[in-house]
Amino acid sequence: MAQQLLMPKATAVWLVDNTALSFEQIATFCKLHPLEVKAIADGESAQGIKGLDPIATGQLSRDEIARAEANPNHKLKLSEPKVRVPDSKRKGPRYTPVSKRQDRPNAILWLVRNHPELKDAQISRLVGTTKSTIEQIRERTHWNSTNLTPMDPVTLGLCSQIDLDLEVERAAKGRPLPTAAELGATLEAAQETEKLNFSYEREEEKEIDADAVFAKLKSLKSDRKDEDEDDQY
């Protein structure tokens, strides 16, 4: 039975505020994305979440934190629990808090538009919805489809970036390779271009006749002089 970290985001908040660990070390230990940890450090995420001291809960030791601070490549390890808690096997879609259920259609629309390779079962696992709701949003038959706005489920807190990346990676494995038509037009092979005959015709430059040019200028001046004389009368 694998050990699980209690309240990973609250633990990450405490580690960011009270240790010199790197974002990657905290992300690996709390099973978060490094960008999530960076957002916590910048105050853009986990606002209002009180940090959970992993030393007080017996999940980490001070010596383990000190070793990780001294060695950036060291991965934090959970302390052996004094009490074994059996893993709870979740069946069905992910549970979504009541306060965030209104954001699920926006998250589904974002996933459908930005990751069309995801299957309905994968979207259901990520945001905790039903296949019928996903089909309604795909087909624009949802009762509130006109008011929906695509929103990142990670930003909404419906799933973690690691879960999203994992589902996208799974979907990409079963996706067929793109065809030449999908990739668009490509350059022709050198053997084909060598067969083409390109001929460039240069127009011969005409010789400039100086006498003709001066004669034309004189005629223009005489015409201009006649026009001025007519205007005087």
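Helices α2 and α3 are roughly perpendicular to each other, a label that covers angles of 65 to 115 degrees, whereas under 35 counts as roughly parallel, over 145 as roughly antiparallel and the rest as oblique. The model is predicted, so local features need pLDDT of at least 70 and side-chain atom pairs count only at pLDDT 80 or more, while totals for chains, interfaces and linings use all residues. Residues are numbered from 1 along each chain as its sequence is written, and side-chain values use heavy atoms, with hydrogens and water left out. Helices are DSSP runs of H or I with at least four residues, strands are runs of E with at least two, and both are numbered from the N terminus.

**Packing of α2 and α3**

- The axes of α2 (residues 23-30) and α3 (residues 34-41) come within 8 Å and cross at roughly 115°; axes are lines fitted to C-alpha atoms, for helices over the stretch in contact, and angles run from 0 to 180 degrees between N-to-C directions.
- The crossing of α2 past α3 is right-handed, the term for a near helix turned clockwise from the far one by less than a right angle, with anticlockwise giving left-handed.
- Phe-23, Ile-26 and Ala-27 of α2 meet Pro-34, Val-37, Lys-38 and Ala-41 of α3, where contact means heavy atoms within 4.5 Å.
- By class, this contact has six nonpolar residues, no polar ones and one charged; Ala, Val, Leu, Ile, Met, Phe, Trp, Tyr, Cys and Pro count as nonpolar, Asp, Glu, Lys and Arg as charged, and the others, Gly among them, as polar.

**Val-16 of α1**

- Val-16 lies in helix α1 (residues 8-18) and counts as buried because its relative accessibility is 18%; buried means under 20% relative accessible area, exposed over 50% and partly exposed in between, with a 1.4 Å probe and protein chains only.
- Apart from neighbours within four places in sequence, Val-16 is in contact with Ile-26, Val-37, Ile-40 and Ala-41.
- Between Val-16 and Ala-41 the C-alpha to C-alpha distance is 6.3 Å, and the two are 25 residues apart in sequence.

**Burial of α6**

- Helix α6 (residues 120-127) is mostly covered, with six of its eight residues buried.
- Those buried residues are Asp-120, Gln-122, Ile-123, Ser-124, Leu-126 and Val-127.
- Their cover includes α5 (104-114), α7 (131-138), α8 (153-156) and α9 (161-173).
- Gly-128 follows α6 and has a positive phi, near 70°.

**Salt bridges**

- The structure holds five salt bridges, each defined as a side-chain nitrogen of Lys or Arg within 4 Å of a carboxyl oxygen of Asp or Glu.
- Asp-42 and Lys-38 pair through their side chains at 2.9 Å, N to O; Asp-42 is partly exposed at a relative accessible area of 43%, and Lys-38 is partly exposed at 38%.
- Arg-138 and Asp-120 form a salt bridge at 3.1 Å, N to O, linking distant parts of the chain, with Arg-138 in α7 and Asp-120 in α6, 18 residues apart.
- Within that pair, Arg-138 is partly exposed at 34% relative accessibility, whereas Asp-120 is buried with a relative accessible area of 19%.
- Arg-125 forms a salt bridge with Glu-167, their closest N and O atoms being 3.0 Å apart; this pair also links distant parts of the chain, Arg-125 in α6 and Glu-167 in α9, 42 residues apart.
- Arg-125 is partly exposed, with a relative accessible area of 35%, but Glu-167 is buried at 6%.
- Through shared partners, salt bridges join Arg-125, Glu-167 and Arg-170 into one network.
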